[in-house]
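Hi,

Here is the structure I promised to pass on. Have a look at it, and then read on for what turned up.

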Amino acid sequence: MGLCSEHKRMLIEELGLYFERRHNLPPLAARIYAIMVLSSQEGFSFEELMEITQASKSSVSTNLNLLLQLKYLEYYTRPGKRKRYFRSSGSFLQNMLKERFETIISDLELTQKVNKFNQENNPENYRKKGYIGNIFHDFLEQEKLNIEQTLQRIRDFKEQN
C-alpha cells in the first residue's frame with residue numbers, strides 16, 4: 001500500500017483482516033474500508049485509492065461499488081469539481097454497536113422462544129437446566145441496555161461538537 005507509514009500499513013492489514021472475517025468482505029474492500037476508518041482525511045478520490053491500494057482500476061471500482069451498496073461508504077463531490085470523493089458513511093464504532101444491537105435483539109427473541117418452549121414442552125429438563133437460559137437472557141438484556149446507553153452517549157457527544 002503506497003502513501004502510508006509502515007505502522008499504518010500494518011494496522012490497515014490487521015483491520016482489513018478483521019473486516020474480512022466479521023463482515024465477510026472481499027480482501028480489497030476490507031482494506032479500502034480500513035483505510036477510511038483510519039484516515040484523518042475527509043475523503044479519497046478514486047485515483048488516490050488506486051494509488052494507496054496499488055490495485056487495478058476495475059478492482060478498486062468493483063470494491064468501492066460493493067462498499068457503497070452495503071452503505072459502509074458514501075461519496076460526495078466538491079463544489080466546482082466533477083470528481084467523486086469517498087468516505088466512511090458514519091462512525092465505525094457506532095456502526096459496530098448498531099450491528100451488535102440488532103444481533104442481541106435477535107438473540108433475545110430466540111432465547112425467549114427456546115425458554116418458553118422448554119418450559120411448556122420439557123418441564124423436567126427446564127426445571128434442571130432452564131435457569132441457565134434465563135441467566136443468558138438476563139445477560140443479553142444487560143448488553144442491550146449497555147449498547148443503548150453507549151449509543152446515546154455517542155449521539156450526545158456528536159450534538160455537543
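Let's start with the helices: helix 1 and helix 2 cross in a right-handed way (right-handed if the near helix is turned clockwise from the far one by less than a right angle, left-handed if anticlockwise). Helices here are DSSP runs of H or I with at least four residues, numbered from the N terminus. The axes of helix 1 (residues 6-23) and helix 2 (residues 27-38) come within 8 Å and cross at roughly 125 degrees, so the two are oblique to each other. Axes are lines fitted to C-alpha atoms over the stretch in contact, with angles from 0 to 180 degrees between N-to-C directions. Under 35 degrees counts as roughly parallel, over 145 as roughly antiparallel, 65 to 115 as roughly perpendicular and the rest as oblique.

This is a predicted model, where local features need pLDDT of at least 70 and side-chain atom pairs pLDDT 80 or more, while totals for chains, interfaces and linings use all residues. Residues are numbered from 1 along each chain as its sequence is written, and side-chain values use heavy atoms, leaving out hydrogens and water.

Helix 1 also meets helix 5: their axes come within 14 Å and cross at roughly 25 degrees. That makes helix 1 roughly parallel to helix 5, and this crossing is left-handed.

Helix 5 (residues 92-121) turns up again at the largest pocket, giving 6 residues, the largest share of the lining. Lining residues have an atom within 4 Å of a point of the pocket, an open set on a 1 Å grid over the protein atoms alone where a 1.4 Å probe fits, with protein on both sides within 12 Å along at least five of seven lines. Among the lining residues are His-23, Tyr-33, Phe-92 and Glu-102.

Cheers
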